[in-house]
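These are my notebook entries on a structure that I went through element by element. I set down what I looked up and what I found.

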Amino acid sequence: MNAPTLRHRVVAAFLLLIALGLLESALVLYVQREEARANAEAERTEQILHQVDELDRTLSTMQAAQRGFLLTRAQSELDRYQLQVHEYQRLGSGIPRLLAPESRAEFERIRELIEDWRINASEVLIARALRAEPVTPQAAMVALPRFAKAREALSAFVRRQSELASAAGEDATARTRRATAVLTLAPLAGTIVTVILLFTANRGIRRAQAVATAHAETVIARDELLAIINTVPAALIILNRDASLGLCNRTAEQMLGTPPPGPAAVDYWRSFEYHDTTGRRLALEELPAMQAFAGQEVLGKEIQMQRPGHPPITILLSAAPLRDETGAVTAVAAGFLDITRLRELDRMKEDFVSVVSHELRTPLTAIRGSLQLLLADAATVPDPENRQLLDIALKSCDRLVRIINDILDVSRIEAGRLNLEPRAVAVAEIVQQSAEAVDHLAKQAHLRFDVQVPPGLPAVTADPDRFTQAIVNLLSNAVKFAPAGSTVTISAREQSGFVAVAVRDEGPGIAPDDVSRVFEKFQQLDRPATRRAGGTGLGLAITKGIVEEHGGRVTVESAPGKGASFTLWMPAA
Amino acid sequence: MKLLLVEDDPDIQLVACLALARGGFIVRAVDSGEAALRLVEADPPAVILLDWMMPDMEGPEVCRRLKQNPVTGTIPVIFMTARAEQAEIARGLAVGAAGFIRKPFDALALGAQVREMLGAS
């Protein structure tokens, strides 16, 4: 059921007010008319009663004059009688005009009674006047009851008229009272209803205002959002189920062009060529956006896309399904970046690093070989100082070689081109080989390796060379910072599907603020014991890259003065 | 044991010659693949140490030609390269390489390294 609209309420309130006004006017008119009528009626009744009273008095006078004449035969009495007869006739014909029709008949009957008496009385008078003899009491007696009867009827009439008048008056009063009550109550009720209507209307108006404000704000927010969407340098689209575009920002339009509206868009998309990162051609159905239609969220997929007549571009794409209230996927929101230039730069960097490092190796080969041969025989360079200088040159040369190797590795890790050759390897063996590889360094630093690998550890799936490299990096790191005479512990254990290889030194440890930075490139932290440092600053970054490429992770626990413990978590085979 | 060293960089050639001589090899050095191919039939060495990157003919091509020739095909070829990545190793093995020595090599251990590879192949 629909609630009455705001306009309906306001219109209803005004209609009610108009109706009330009309009703009030009608009532006022009615009350005025009733009052006027009641007044007129009262006046008429008063007049009737007055005249009837006069009639009564006239009759009495007539009777008195008649009797006087009968007794005295005085002319004056006769004249009085005659005068009263005129008066009576005037009243008798005047009263009926004042009477209501229903009372008129009654009055006529009374008049007949009076007439009976008067005729009788007149006859008696005439007889007396003619015969000049006294009237017998009998004759007079005949007139008396008639007169009495007429007077009685008259007084009864007066009573009835009074009753009628008072009844009519009461009636009029009652009607007026009712009308007045309505006159008072109707505006009250009307006002209450109107107030309620207007109050709710007011609430409605406020709500409507709030809605209007909210709408205006929404429109502004939407415009802002659209402006932002249109200015971001990322492509943003909403792809409908029929492959048409529901939204396409400016960047997307530059990358995709404008597909035709409706289902014809499918052919448009089919005219593009898509490849994955390995160069395999992708059908339209294999695109990440289609996975989003299946309800999956797609994050950071890299594909190559070529629009007909345009150079191919590499895009990094994320897509998420958009659902209706039933949860059905109705469209897909997708955002993508043109990373063609980035990938090109990556390749250029990689190529550059590769070329530079290989070019550096050629002269290094000559320098290192020469120095090694020079130092091979003590007789060739007998002077200890000279030998020492050559030795420094050789060590620096070795370090340079390590740096070049590490830079190459970092470059490979960053490009995702480590090209691992994983197989099931025994952890104990790898740990042993790693320890042997760093053994000479440990001896130089007067350190002891304590290898604690329990038997029965599960194998891990790893590229053995890279796994070894990861552990060697941790060991050389520990050797660099462990104080002379201390022990570096290498332990291994199994924990929830992972084999953890931990390398613990008794060195100065790492400040809490620095812990998160140890795996960053070229981060040789300012540790007090950097005397034997001289690393490349890349070892831990490489270890982290190698382990993560294997699906594992590296953790570090340390506190200043308490040594450091690095743990490799490699997925068990 | 006679060894043919094919290396275009004269400095590295000299260092490698000295290192290999220390390792007990009788070394003959040339600076190009073509020179190596010319020489190898007349005076077949026991092992050939071949640089990968050379201006006129790349190491793998030299190796491929050596392996094609029945006279020289049996001589073990060891690549000496600054670029020993998986792709190169695969390519080297495909043309019949017996091993790889990565530059910069250890001058004091070079001879031993070569001998080890010969023993293994």
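**Entry 1. Two helices of chain A.** I began with the packing of helix α9 (residues 384-414) of chain A on helix α13 (residues 539-549) of chain A, and found an angle of about 35° with the axes 10 Å apart. The model is predicted, and I read each value below as computed from it. I then looked up the hand of the crossing of α9(A) and α13(A), which is left-handed. On the α9(A) side, the residues that meet α13(A) are A:D406, A:D409, A:V410 and A:I413. Their counterparts in α13(A) are A:G539, A:A541, A:I542, A:G545 and A:E549. Sorted by class, this contact holds 4 nonpolar, 2 polar and 3 charged residues.

Entry 2. I asked next how many residues of α13(A) are buried. The count is 9 of the 11, so α13(A) is largely enclosed by the rest of the structure. I listed the buried residues as A:G539, A:L540, A:A541, A:I542, A:T543, A:K544, A:G545, A:I546 and A:V547. For these buried residues I noted packing against α9, α11 (464-481), β13 (553-558) and β14 (564-571) of chain A. I also checked what follows α13(A), and recorded A:G551, with a positive phi near 85°.

Entry 3. β13(A) and β14(A) are joined in the antiparallel sense over 6 bridges. Within this pair, A:T555 is opposite A:T567 in β14(A). The hairpin has 5 residues between the strands, and A:G561 has a positive phi near 85°.

**Entry 4. An open sheet in chain A.** I traced a sheet of 7 strands, which is open and has antiparallel pairing, in the order β2-β1-β7-β6-β5-β3-β4 (chain A). Which strands are at the edge? I found β2 (245-248) and β4 (281-282) of chain A there, each pairing on one side only. Inside the order I examined strand β1 (residues 235-240) of chain A, which is antiparallel to strand β7 (residues 329-338) of chain A over 6 bridges. In that pair I noted A:A334 of β7(A) as the bridge partner of A:I237.

**Entry 5. Chain A as a whole.** I recorded 13 helices and 14 strands for chain A. Of its 573 residues, 25% count as buried. Among the contacts in chain A with a separation of 6 or more, 63% come from residues 24 or more positions apart.

**Entry 6. Where chain A touches chain B.** I counted 14 residues of chain A in contact with 16 residues of chain B. On the chain A side, helix α8 (residues 340-376) gives the most, with 12 residues. The side of chain A that touches chain B comprises 5 nonpolar, 7 polar and 2 charged residues.

Key. Residues numbered from 1 in each chain as written. Chains lettered and ligands numbered in written order. Predicted model: local features only at pLDDT ≥ 70, side-chain atom pairs only at ≥ 80, totals over all residues. Axes fitted to C-alpha atoms, helices over the stretch in contact; angles between N-to-C directions. Helix = DSSP H or I, 4+ residues; strand = E, 2+ residues; numbered from the N terminus. Left-handed = near helix turned anticlockwise from the far one by under 90°. Contact = placed C-beta atoms within 7 Å. Nonpolar A, V, L, I, M, F, W, Y, C, P; charged D, E, K, R; others polar. Buried ≥ 20, exposed ≤ 12 C-beta atoms within 10 Å, placed from the backbone. Pairing = 2+ DSSP bridges.
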